[in-house]
Amino acid sequence: MANEARPCPCDIGDRFEYGGLGHEVQVEHIKAYVCKPSASTGKAVVVIHDIFGWQLPNTRYITDMLAANGYIAICPDFFVGQKPWDPSDDWSIFNDWLKTRDASKVDREVDVILKYLKEQCNAKKIGVIGFCWGGMAVHHLMLKNPELKTGVAIYGVIKYFEDRYSLLHPTFFIFGESDDYIPLEQVTLLEQKLKQHCKVDYRVKIYPGQTHGFVHRRREDINPQDKPYIEEARKDMIYWLNKYL
């Protein structure tokens, strides 16, 4: 577990020098980044960012990857104009900062984005993925939002969702074996509780040797030892979405 001076080990990792293939839009009170596939589709994925916000190039890279795989992909600003966490910020105030950005209070913004996807993009089937803070939001949405068809929670912090396992939709949980912020015993307990309480399809997968943020905050081209797991997790994510959307 991280020390008290730094309660979250969310290193920004390998910041991608990436401009993005999509464009920014204003959807009611929310700014969002949208990327669409070359062929028309009725399938869409909402991407929920981590603590570093909706403009992080790494997250836009994944958003574009989803579009390249045939999905309308949208990454909204779920902090709604509030400043995202900056790596230079004082980690001693992180927990107080996090209290002002509750991952279980994204419902209003999600409803706005779903309306936009249906009315402006003709989306018929919509899923959601999220990283870290966004992974917590995915867990929340899979428990209560009837309109989303499936979700992928990527290193979403489990400790905030203890005793909440009755998922409404098929959900895929991705974790790193060496994640300092999500101990493996929490992942094991999650699996046990899902087996007891969950009535829909789910999968929990742990990727060997991987740390927090590996799927979107680590560049496969400069981390050869991690490349197989980064690529495997991204393929698994796409496979799960393809299966249920």
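**Pocket, cysteines and a helix**

Modeller: By class, six nonpolar, two polar and four charged residues make up the lining of the largest pocket. This is a predicted model, in which local features need pLDDT of at least 70 and side-chain atom pairs pLDDT 80 or more, while totals for chains, interfaces and linings use all residues. Residues are numbered from 1 along each chain as its sequence is written, and side-chain values use heavy atoms, without hydrogens or water.

Colleague: Happy to start there! What volume does the largest pocket have, and which residues are the closest to its centre?

Modeller: The volume is about 210 Å³. Twelve residues line the largest pocket, and Leu-98, Asp-102, Ala-103, Met-136 and Tyr-160 are the closest to its centre. A pocket is an open set of points on a 1 Å grid over the protein atoms alone where a 1.4 Å probe fits, with protein on both sides within 12 Å along at least five of seven lines; lining residues have an atom within 4 Å of a point.

Colleague: Which elements give two or more residues to that lining?

Modeller: Helix H2 (94–99) and helix H4 (133–144) do, and H2 has the largest share, with three residues. Helices are DSSP runs of H or I with at least four residues, strands are E runs of at least two, and both are numbered from the N terminus.

Colleague: What makes Cys-35 count as buried?

Modeller: Its relative accessibility is 6%, and buried means under 20% relative accessible area (1.4 Å probe, protein chains only). Cys-121, at 9%, is therefore buried by that cut-off too.

Colleague: And Tyr-165: why does this residue count as buried?

Modeller: Tyr-165 has 6% relative accessibility, so it falls under the cut-off. Its place is in the loop between E6 and E7. The C-alpha atom of Tyr-165 is 7.5 Å from that of Leu-143, 22 residues apart along the chain.

Colleague: How do you know that the span of helix H6 agrees?

Modeller: The expected span is 1.5 Å times one less than the number of residues. For the 18 residues of H6 (residues 227–244) that gives 26 Å, and the end C-alpha atoms are 26 Å apart, so the two agree. Among the buried residues of H6 are Ile-230, Arg-234, Asp-236 and Trp-240.

Definitions and conventions. Points joined across faces, edges and corners; volume = space filled by probe spheres on them. Nonpolar A, V, L, I, M, F, W, Y, C, P; charged D, E, K, R; others polar. Buried < 20%, exposed > 50% of the residue type's maximum accessible area, 1.4 Å probe, protein only.
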